[in-house]
Amino acid sequence: MPATIVVGTQWGDEGKGKFTDLLAKEMSMVVRYQGGHNAGHTLVVDGETFKLQLVPSGVLYDHITPVIGNGVVVDPFVLLKEMAMLRDRGIDVSGLLLSGNAHLILPYHQELDALHERHLGKNKLGTTKRGIGPAYADKSMRLGIRVQDLLDEDIFREKLHGALSHTNKVLTKVFNRLPVDPDELADRVLGECLEGIKPHIADTVNAIHDALDAGQHVLFEGAQATFLDLDHGTYPFVTSSNPTAGGACPGAGIGPRDVGRILGIAKAYITRVGAGPFPTELFDDYGDKMVDIGREFGTNTGRRRRPGWFDAVMMRHAVKINSLSDLAITKLDVMDTFDTVKICVAYEIDGKRVEKLPYHQSDVHRAKPIYEEMPGWKTDLSKATEPGHLPENATAYLRLLEDQVGVPVTLVSTGPGRDQYIHWA
Ligand code: GDP
Ligand code: IMO
Ligand code: MG
């Protein structure tokens, strides 16, 4: 059976965790393919909240094999902590598969992330300081250490010596910091992590293909989002991986023909954490309401998310580069009390109407949104579970959004709970 990909279409935190959990009911396997513990995916089931960073969001179901693919960067300490948290809450994580080819995030990556940010001063990116950029940089420089290296102490120590002979020069000579002792670090990682991690290390590529060949349904869970993509996002205000749907191929070891459905997740408005251009950003009461009612604070870092109206120009671009088949719209309920709601349908740049996302980022910085405005629905949607439960104005808003974006909206989320959604089409 062809695979499904769940992908964030904006700047993250769209509700990928919620829909991964929801779709996982019908799946056998859920695979993360990029990112690391910069992700924070929230699931709310029977009033209980789970916040996941590395473990795939299908883990709550007994029938799901959760897989961390080769494209993920894994802090072994964080992974063990998250698994322990889940175990303590009665979730079976014994079946988790961790790719031997995934790269490790080690404490010096986090130190470098913080140092780079400090070095950038007012131009900082606002990273999550989880060591994501430095770990992917080491991977590209062929200095990375893979999960499989943990399996042979000599190899692990040798690789750590190799990586640190470079990194220690950067730490001491560029940033005036103390060097990291490779053997001390190796002792710590092997002593504290090996026993817990070892049983999970696996050949995930073959595990995924065995599942696909057996006709099982596999779900790929994107982290971050389209406009945080290293290639397609608002560079340099991006993450260091490819969250776009295509990233599932190198990140998990599948080919494009293995994929059937690509479900984009979008908020009914839009938020961004960290720096970078944001044409529809709001600094008014509507923005404050989005943050207050939508509880728009980072799942992971607690930072206030920047709010704005839904941007159909960006979304049309996201449809193209992800090859989206359909969309799930989340957090419609957050706008329940709004007198008016707006969708950005085009930009005005130097007096001209522009309908496609400009490739030149200076244009994105200068773009003024052109809005279509509609009356709000002024109705509590939190209990709406069927299309017929939606008031006329909410339906009209979704229709306008769908017309502007050009792919069908199939799911609408009306609250954080697993049951708070509508099959819209
Ligand atoms: P992810 O990173 O894409 O998985 O999203 P996050 O979990 O970081 O952020 C989404 C937040 O919105 C979480 O707190 C969810 O519980 C919450 N959420 C998801 N869908 C809805 C919805 O339809 N309505 C409301 N009010 N909250 C939602
Ligand atoms: P989920 O999966 C929102 C943002 C950071 C920063 C930029 C680079 O929960 O949607 P990084 O630490 O990755 O080098 O930071 O990317 N960022 C996210 N924003 N949701 C996320 O994940 C994010 N992961 C990274 O805020 O702007
Ligand atoms: Mg999140």
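Just after helix α10, S323 takes a positive phi of about 55 degrees; helices here are DSSP runs of H or I with at least four residues, strands are runs of E with at least two, and both are numbered from the N terminus. The structure is a predicted model, in which local features need pLDDT of at least 70, side-chain atom pairs count only at pLDDT 80 or more, and totals for chains, interfaces and linings use all residues. Residues are numbered from 1 along each chain as its sequence is written, chains are lettered from A and ligands numbered from 1 in the order in which they are written, and side-chain values use heavy atoms, with hydrogens and water left out.

Helix α10 comprises residues 312-322 and is largely enclosed by the rest of the structure, because eight of its eleven residues are buried. Buried means under 20% relative accessible area, exposed means over 50%, and partly exposed covers the range in between (1.4 Å probe, protein chains only). The buried positions in α10 are A312, V313, M314, M315, R316, A318, V319 and N322. At the start of α10, the backbone nitrogen of V313 has a side-chain oxygen of D311 within 2.9 Å. Such a polar contact is a pair of N or O atoms within 3.5 Å; within protein, one atom must be able to donate a hydrogen and the other to accept it, and residues adjacent in sequence count only if both atoms are side-chain atoms.

Ligand 2 sits in the largest pocket. On a 1 Å grid over the protein atoms alone, a pocket is an open set of points with protein on both sides within 12 Å along at least five of seven lines, and a molecule sits in a pocket if more than half of its atoms lie within 2 Å of its grid points. There are 20 residues around ligand 2, of which K16, H41, T128, Q224 and T239 come nearest; a residue is near a molecule if one of its heavy atoms lies within 4 Å of it. By class, this shell divides into seven nonpolar, ten polar and three charged residues. Ala, Val, Leu, Ile, Met, Phe, Trp, Tyr, Cys and Pro count as nonpolar, Asp, Glu, Lys and Arg as charged, and the others, Gly among them, as polar.

An N or O atom in the side chain of T128 is 2.5 Å from an oxygen atom of ligand 2, and the corresponding distance for T239 is 2.6 Å. For the side chain of R303 the distance is 2.9 Å. Ligand 2 taken alone exposes 550 Å², and the protein buries 97% of that; accessible areas come from the Shrake-Rupley method with a 1.4 Å probe, and for residues only the protein chains shown count as cover.

Ligand 1 sits in the second largest pocket. The elements giving two or more residues to its shell are α1 (16-24) and β3 (41-45). Of the 20 residues around ligand 1, K16, G40, T42, D333 and S413 come nearest. The shell around ligand 1 has three nonpolar, ten polar and seven charged residues. A polar backbone atom of K16 is 2.7 Å from an oxygen atom of ligand 1, and a polar side-chain atom of R305 lies 3.4 Å from an oxygen atom of this ligand. A nitrogen atom of ligand 1 has a polar side-chain atom of D333 at 2.7 Å. On its own, ligand 1 has 590 Å² of accessible area, and the protein covers 92% of it.

Two histidines were also examined. H217, in the loop between α7 (204-213) and β10 (218-221), counts as buried at 18% relative accessibility. The side chain of H217 makes a polar contact of 2.9 Å with the side chain of T4. H119 lies in helix α3 (residues 107-120) and is exposed, with a relative accessible area of 61%. H119 and F175 are 56 residues apart in sequence, and their C-alpha atoms are 8.8 Å apart in space.

Some backbone features fall in loops. The peptide bond from Y235 to P236 is cis, with omega near 5 degrees, and P236 is in the loop between β10 and α8 (248-252). R142, a residue other than glycine, has a positive phi near 65 degrees. R142 is in the loop between α4 (132-140) and α5 (153-174) and counts as exposed at 72% relative accessibility. K378 is not a glycine either, yet has a positive phi of about 50 degrees; its place is in the loop between β18 (368-375) and α12 (392-405).

Note on methods
1 Å grid on protein atoms, 1.4 Å probe; cavity = no way out; pocket = protein on both sides within 12 Å on 5 of 7 lines; lining within 4 Å.
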